[in-house]
Amino acid sequence: MENVSNADKLESIKSFQSTISKSEKALAQMTQKGANTALLKKRLKALYIGLAMLENVWNQRPHHYTQEDLAEASNVLTGLFPSIENVYAKSKAGSPQRTLLERRIKALELAVQAIDDLSNE
């Protein structure tokens, strides 16, 4: 984790913040419509933990998550890869969507790595 460039760190944190913001908006809309929000809530919690782990490793920000929280977040974030990679494969080379997905994948990989590193300490 120590040889991640400052640009990648910044992009990863921004990617998480953007994904969290989009997920919070989706949750609000789904709640209004009375839709089942269990999966989205689980993913949102994992995103919060992923962001907290990156900020913990890179900016020494403390976190309050348990080993159980970390393990669940790692599994949930890892579970997002197939769907994101599927969308990525269908996106056009050089498109803004593809750039966004590349950053999101990188951010998720770094977060899972940070969680795993902390869990193994």
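**View 1. Lining residues of the largest pocket, by class.** In this predicted model, the lining of the largest pocket consists of eight nonpolar, four polar and three charged residues. Nonpolar covers Ala, Val, Leu, Ile, Met, Phe, Trp, Tyr, Cys and Pro, charged covers Asp, Glu, Lys and Arg, and polar covers the others, Gly among them. Of the 15 lining residues, Thr 19, Arg 43, Leu 80, Ile 84 and Arg 104 lie nearest the pocket centre. Two or more residues of this lining come from each of α1 (6-33), α2 (38-59), α3 (67-90) and α4 (96-119). The space in the largest pocket is about 340 Å³.

Terms for this view: on a 1 Å grid over the protein atoms alone, a pocket is an open set of points with protein on both sides within 12 Å along at least five of seven lines, a cavity is a set of points where a 1.4 Å probe fits but cannot get out, and lining residues have an atom within 4 Å of a point. Points are joined across faces, edges and corners, and a volume is the space filled by probe spheres set on them. Helices are DSSP runs (H or I, at least four residues), numbered from the N terminus.

**View 2. The largest cavity.** Two cavities of 30 Å³ or more are counted, and the largest has a volume of about 40 Å³. Its lining is made up of Lys 42, Lys 45, Ala 46, Ile 49, Asp 69, Glu 72, Ala 73 and Val 76. The elements giving two or more residues to this lining are α2 and α3. Four of the lining residues are nonpolar, none is polar and four are charged.

**View 3. The second largest cavity.** This cavity holds about 30 Å³ of space. Ser 15, Phe 16, Thr 19, Leu 47, Arg 104, Ala 107 and Leu 108 line it, with at least two residues supplied by each of α1 and α4. The lining has four nonpolar, two polar and one charged residue.

**View 4. The contact of α1 with α2.** The two helix axes come within 10 Å and cross at roughly 160 degrees, so α1 is roughly antiparallel to α2 (angle over 145 degrees). Axes are lines fitted to C-alpha atoms over the stretch in contact, with angles from 0 to 180 degrees between N-to-C directions. Residues in contact (heavy atoms within 4.5 Å) include Phe 16, Ile 20 and Leu 27 in α1 and Leu 44, Leu 51 and Trp 58 in α2. By class, the contact has 13 nonpolar, six polar and four charged residues.

**Notes.** Residues are numbered from 1 along each chain as its sequence is written, and side-chain values use heavy atoms, without hydrogens and water. As the model is predicted, local features need pLDDT of at least 70 and side-chain atom pairs count only at pLDDT 80 or more, while totals for chains, interfaces and linings use all residues.

How values were computed
Parallel < 35°, antiparallel > 145°, perpendicular 65-115°, else oblique.
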